[in-house]
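Good morning, and thank you for joining this group meeting.

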Amino acid sequence: TQGATNLARNYFASKGHPSSDGDFLEKIVSACKFNPLAIRLTIDSYLSGKDIVSALEKTERDVVAFSFSNLLETLSDLENKVLEAIFILGSPSRSDICEALSSDSDAVAESIGRLHRSSLASRVIDEAGEKFELSPSVRDLLRGNPRDILVRENVGKWLQNSKDSIDSAMRLQ
């Protein structure tokens, strides 16, 4: 705690601002969870004219987006495609994902497992069977940072064709 507070005090001083009172520095340090990068980003934002609440909120968004981007960079090509398929399809089954991506079920199962272990996707079991979902925060981040537009388009086309086939079959009955 003391080291993070000293970092904040020294960073304020390096920017030509006298150090703030200890309670203010403690608020920044604890809100940033003692993360040096977050502390610096918050102070920079605060010194640029934002109030401390806005500065902390902006820092939190920036750190989450940065962490999310770094996590996505570690994913394989198929894992990114599976993530996009779940994003477009909503709560698909494993077979929906395989069909939408024209991919092998074992490879898709392995990719889903890795996405689940990294908390990017979750498995939900209901009366209809096993489905896969993204958390609201992952969904929001993907909405603003698409991984593969072509995959999104192809999965969207597959989804529309599937709906059209079901509608056609219903009309024939």
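This is a predicted model: local features need pLDDT of at least 70, side-chain atom pairs count only at pLDDT 80 or more; totals for chains, interfaces and linings use all residues.

**Hairpin, cores and rings**

Let me begin with the strands: β1, residues 122-126, and β2, residues 129-133, pair in the antiparallel sense over five bridges. Two strands are said to pair if DSSP finds at least two bridges between them. Between β1 and β2 there are two residues, and the strands form a hairpin. Within this pairing, Ser122 stands opposite Glu133 of β2.

Residues are numbered from 1 along each chain as its sequence is written, and side-chain values use heavy atoms, with hydrogens and water left out. Helices (H or I, at least four residues) and strands (E, at least two) are DSSP runs, numbered from the N terminus.

I turn now to the nonpolar cores. A nonpolar core is a set of buried Ala, Val, Leu, Ile, Met, Phe, Trp, Tyr and Cys residues joined through side-chain atoms within 4.5 Å. Buried means under 20% relative accessible area, exposed over 50%, and partly exposed in between, with a 1.4 Å probe and protein chains only. The largest such core has 27 residues, and those with the most contacts inside it include Val82, Ile97 and Leu101. Which helix gives the most to this core? That helix is α5, with seven residues.

Leaving aside residues up to four places away in sequence, Leu101 touches Leu78, Lys81, Val82, Ala85, Val151 and Val155, where contact means heavy atoms within 4.5 Å.

Finally, the aromatic rings. The structure holds three aromatic pairs. Rings of Phe, Tyr and Trp (its six-membered ring) pair if their centres lie within 6.5 Å; planes under 30 degrees apart count as stacked, over 60 as edge-to-face and the rest as tilted. Phe12 and Phe24 form a tilted pair, 6.4 Å centre to centre with 50 degrees between the planes. This pair links helix α1, residues 2-14, with helix α2, residues 22-31. Phe12 counts as buried because its relative accessibility is 1%. The ring centres of Phe24 and Tyr46 are 5.2 Å apart and their planes are at 50 degrees, so this pair is tilted.
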